[in-house]
There are 2 protein chains.
Amino acid sequence: MSIEVLPVSGLPIFHEGDSISKEICDKIELKDGDILCIASSVYSKTKGFTRVIDSITPTEKAKEIAGQCKEDTRFIQAVLDETEDLILEYPFVLSKLKCGHVGVRAGVDNSNIERGFIIRLPPEPMISAEEIRCEIKEITGKDVRVIITDTCGRAFRRGQTGVALGWAGMPAIRDFRGDTDLFGRVLEITEEAVVDEFAAFSNFIMGESNNGVPAVVFRNAPKWEGHDSLFFTSDEDITIKALKKK
Amino acid sequence: MSIEVLPVSGLPIFHEGDSISKEICDKIELKDGDILCIASSVYSKTKGFTRVIDSITPTEKAKEIAGQCKEDTRFIQAVLDETEDLILEYPFVLSKLKCGHVGVRAGVDNSNIERGFIIRLPPEPMISAEEIRCEIKEITGKDVRVIITDTCGRAFRRGQTGVALGWAGMPAIRDFRGDTDLFGRVLEITEEAVVDEFAAFSNFIMGESNNGVPAVVFRNAPKWEGHDSLFFTSDEDITIKALKKK
């Protein structure tokens, strides 16, 4: 059976207080089992997870880092305010957030928002995903799965791809441990980060820049079993340890 | 318009000398513009990019690394034979391959192959992708785009996802540089690794273990402009530099 990937077209430019769930349900008839990917930037705008850049007073630390990487001192302060573990200061700021996600500039963004404002990532994306899932259940009666996505660079390869920040209604990782391969051999590679694979492809549909498609629906995707331990702790991750020693 | 994602079901277990292109064209009616993702493991088997583990004589270096990470010495020798730049020896071997891809154990695999054999990644995956694209054009007359995929871990996040090794008929990266956002501001994040986003989602459809779906078709995907510079050089990549210093 084929999977259908549907852009949710015609959504408005969102502002604080708007209901993403309601607008999406107005534009597309959701079905049980659909996986709905939503761009975190749009979610953050509706929830007021934004800041006025002029209202931010940079600390000495922010000034020091901003000088090194030639960024606005107030912008870097906003990045530090989101950072739980500062992995790298130069040539760019790389942060681990409280939710576990690791991102350049802590995911703070000044694209696709009015000048003078910046967007923060949703601070509790798992709760955000569950909240949208519940709202959609309430509006439509349908049982959908939800992924809040971000666009993010990575190690070893150029370019950004979509990744999952929060999810609800499914486990993040499909766990094959103990399964056998086609020749009856127990598999060694066994944990597939499925929510990131959906987030990645949804990002292709969303596009960046002025395409303006902040929500994508995957229809007919089978279910999987697994767990939610998507983010390495700083101790587990050899890359974080190496970058911090640098 | 929605994108359709179709598993190519019913493919046989492949052996050296088989034509993947022919088998795929037998199982699905391809259309102009389709993006066809093929698992590198299956491609390698048909091309004989496999080795008999008993035929490999480990060097002292392979014995030393194998002792540290508790692997078979001959397996590690096979990994070193594929490695252009050895990034990490412990707790696992991480290699940069000649094609630019960075992978644990240089992508050498002993799953989904008869016991006593190992599978190498296709050494020239760009040529492989172009070759399949040409074969399909010859068989069907259709102009498809091709991605050779692998399953791979990453930094910061647990679990593997699909990535692109080689591609043909499209640029790897969609380049938004100079584009503006919804508010007319020039974008800062501007290079989207689109082939990896397709590879990632194709990996969900392929599954690991005994699912046996080594090919996936994306239908109705729009075209994009960009470039093919997907792999960082070791000098460009701050993560490689940090891991090598470790």
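How many bridges pair E5(B) with strand E6 of chain B, and in which sense? The pairing of E5(B) with E6 (residues 102-104) is antiparallel and has three bridges.

## Ground rules

This is a predicted model, where local features need pLDDT of at least 70, side-chain atom pairs count only at pLDDT 80 or more, and totals for chains, interfaces and linings use all residues. Residues are numbered from 1 along each chain as its sequence is written, chains are lettered from A and ligands numbered from 1 in the order in which they are written, and side-chain values use heavy atoms, leaving out hydrogens and water.

## Strands in chain B

Let's stay with E5(B), residues 94-97. Strands here are DSSP runs (E, at least two residues), helices are H or I runs of at least four, and both are numbered from the N terminus. Two strands pair if DSSP finds at least two bridges between them. On one side, E5(B) meets E4 (residues 83-88) of chain B, running antiparallel with four bridges. B:Leu94 faces B:Leu88 in that pairing, and B:Val104 of E6(B) is also opposite B:Leu94.

The links are hairpins: five residues connect E4(B) to E5(B), while the hairpin of E5(B) and E6(B) has four residues between the strands, with B:Gly100 at a positive phi near 110 degrees.

In a regular strand, side chains alternate between the two faces of the sheet. In E5(B), B:Leu94 and B:Lys96 point one way, B:Ser95 and B:Leu97 the other, and all are buried (under 20% relative accessible area with a 1.4 Å probe, protein chains only; exposed is over 50%, partly exposed in between).

## Helices across the two chains

H6(A) and H6(B), each spanning residues 194-206, have axes that come within 8 Å and cross at roughly 135 degrees. That angle is why H6(A) counts as oblique to H6(B) (under 35 degrees is roughly parallel, over 145 roughly antiparallel, 65 to 115 roughly perpendicular, the rest oblique). Axes are lines fitted to C-alpha atoms over the stretch in contact, with angles from 0 to 180 degrees between N-to-C directions.

Residues touching here (heavy atoms within 4.5 Å) include A:Phe198, A:Phe201 and A:Phe204 of H6(A), and B:Phe198, B:Phe201 and B:Phe204 of H6(B).

## A helix pair within chain B

H3(B) (residues 60-69) packs against H4(B) (residues 73-82) at about 115 degrees, the axes being 8 Å apart. Among the contact residues are B:Ile65 and B:Cys69 of H3(B), plus B:Ile76 and B:Leu80 of H4(B).
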